[in-house]
Amino acid sequence: MGIYMDNAATTMQKPDCVIDAVVNAMRHMGNSGRGAHEASLDASRLIYETREMLSELFNLGDPRQVAFTLNSTEALNTAILGLFDPGDHIISTVMEHNSVLRPLYRLEEKGCQVSFVPCDEKGRLRTDLLESFLKENTKALVCTHASNLTGNANDLMYLGRFCKDHGLLFVVDASQTAGVLPIDMQAMNIDVVCFTGHKGLYGPQGTGGICVRPGITVRPLKSGGSGIHTYLKEHPHEMPTALEAGTLNGHGVAGLHAALGFLKETGTDTIHKKEIGLMRRFLDGIKDIPGLKLYGDFSTDQRAAVVALNLGTYDSSEVSDELSFEYGISTRPGAHCAPLMHQSMGTVDQGMVRFSFSWFNTEEEIDAAVKALKELAE
Amino acid sequence: MRQKEWKLIITFHTTSDAIAFEKACKETGRSGRMIPVPRELSAGCGLAWCTVPADRADMETFLKECSIECEDMAELLY
């Protein structure tokens with residue numbers, strides 16, 4: 001196996017307990033909420049316990065407010081399309097991934113207004129400008145916790161206070177930070193957290209969710225089988241069923257359950273420290289490469305372990321391909337589904353080569369990546 | 001088929017509520033088990049908690065303690 005450094009796309013290497021849990025579930029798990037036999041009840045119990053673990057992780061305060069989705073994209077579509085009405089104004093940022101931007105553009109087509117807060121030259125959000133974006137009809141701030149491109153993290157405590165002061169809903173995209181950086185929905189005044197299971201949580205792909213603060217109503221994206229109230233024409237309104245139509249990915253959630261156990265046992269802080277240590281070693285190794293262009297703010301450890309760079313004027317795709325083909329190192333080139341961020345950084349044509357590290361990377365792998373980049377820059 | 005007996009049946013708004021209540025009952029040593037919702041209570045599907053009628057007062061109090069709102073509570077031959 002080569003060296004995997006595309007963990008911002010998905011943490012490919014998973015704890016063994018996650019793989020074992022999925023296999024075990026595929027052998028024994030029934031369909032949650034469909035019948036009252038033991039195989040179904042066991043599925044429901046495990047899924048409920050996973051809601052409890054997620055509610056605790058994000059300090060949501062009620063496990064029944066955690067609805068499972070396929071990924072962050074589905075969660076974000078649910079939140080963004082389910083919270084607003086024509087005439088509403090929403091503030092977002094240029095740091096967003098297309099999973100936020102495209103649902104927002106759909107809202108624009110339906111008569112909503114959207115504004116994007118810019119970043120500075122290091123990709124840091126211009127929070128000093130936030131107030132200038134407020135309008136009478138502003139309803140919410142929809143914002144990523146950390147950029148999938150630069151790894152820069154936003155200060156959720158500050159943004160949550162801003163939302164509270166101005167009576168705005170606060171919707172957070174935690175795709176890059178769930179399991180990585182602390183998220184406290186109550187302390188940070190967050191109304192909705194959207195997360196994926198297959199990145200920093202080390203769970204399987206096809207898992208994710210939406211955490212909704214009690215008292216907030218999100219219109220469902222889908223309707224269908226719910227296991228309850230079969231003869232009603234409408235999908236049930238009670239959470240989490242309201243946002244879960246059809247059979248859940250129980251096998252995936254079983255893996256996510258194991259992953260959350262792994263995170264708790266290992267400690268998210270311990271994992272983050274290791275990832276940031278690897279990132280610092282990498283930065284230290286490459287800093288003197290001639291023509292190196294680094295993007296992002298590395299002055300703090302409160303960020304994702306992501307390093308986006310370019311070598312001179314080389315096309316990022318060429319560099320990433322060389323790294324893959326010649327050295328067996330997996331990175332992500334191009335635009336990373338973050339068009340406004342690339343526009344902001346002036347890298348639309350060149351793209352960026354993104355390295356992203358995980359708990360399973362080693363110092364030896366970092367050193368190999370540094371050596372490869374040095375050779376490519378010669 | 002087994003002989004039917006009077007039971008106290010509690011139904012819930014969601015599967016999560018039902019499972020949360022089952023967990024709380026087990027953790028506190030309360031008797032009972034999950035059953036499919038009897039058709040006398042709902043023509044749909046779903047889960048119900050089944051226990052003895054003598055538990056009614058305790059169940060009502062315990063549901064409040066757990067912040068779980070039941071949909072229905074009825075005594076049936078089951």
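Predicted model: local features only at pLDDT ≥ 70, side-chain atom pairs only at ≥ 80, totals over all residues.
Chain A is assigned two domains, domain 1 (16-266) and domain 2 (267-377). Taken over C-alpha atoms, the centres of domain 1 of chain A and domain 2 of chain A are 27 Å apart. Domain 1 of chain A contributes 33 residues to the contact, and domain 2 of chain A contributes 28 residues. About 2500 Å² is buried between the two domains of chain A, with 62% of this area on carbon and sulfur atoms. On the side of domain 1 of chain A, the residues that lose the most area to domain 2 of chain A are A:Leu149, A:Tyr202 and A:Thr266, which together account for 27% of what that side buries.

Polar interactions also occur at this interface. Twelve residue pairs, both members at pLDDT 80 or more, are in polar contact across the interface of domain 1 of chain A and domain 2 of chain A. On the side of domain 1 of chain A that touches domain 2 of chain A, the elements giving two or more residues are α4 (98-109) and α6 (250-266) of chain A. The largest share of that side, five residues, comes from α6(A). One salt bridge is counted between the two domains of chain A.

The largest nonpolar core contains 77 residues, and A:Leu54, A:Phe58, A:Phe170, A:Ile190, A:Val193 and A:Ile210 have the most contacts inside it. Helix α3 (residues 72-83) of chain A gives the most to this core, namely six residues. Because domain 1 (16-266) and domain 2 (267-377) of chain A both give residues to this core, it lies between them. A second, separate core has 27 residues, among them A:Met5, A:Ile276, A:Phe298 and A:Leu376.

How values were computed:
Residues numbered from 1 in each chain as written. Chains lettered and ligands numbered in written order. Heavy atoms only, no water. Core = buried A, V, L, I, M, F, W, Y, C linked by side-chain atoms within 4.5 Å. Buried < 20%, exposed > 50% of the residue type's maximum accessible area, 1.4 Å probe, protein only. Helix = DSSP H or I, 4+ residues; strand = E, 2+ residues; numbered from the N terminus. Domains from an automatic or database assignment. Contact = heavy atoms within 4.5 Å. Buried area = accessible area lost by both parts, 1.4 Å probe. Salt bridge = Lys/Arg side-chain N within 4 Å of Asp/Glu carboxyl O. Polar contact = N/O pair within 3.5 Å; in protein donor to acceptor, adjacent residues only side chain to side chain.
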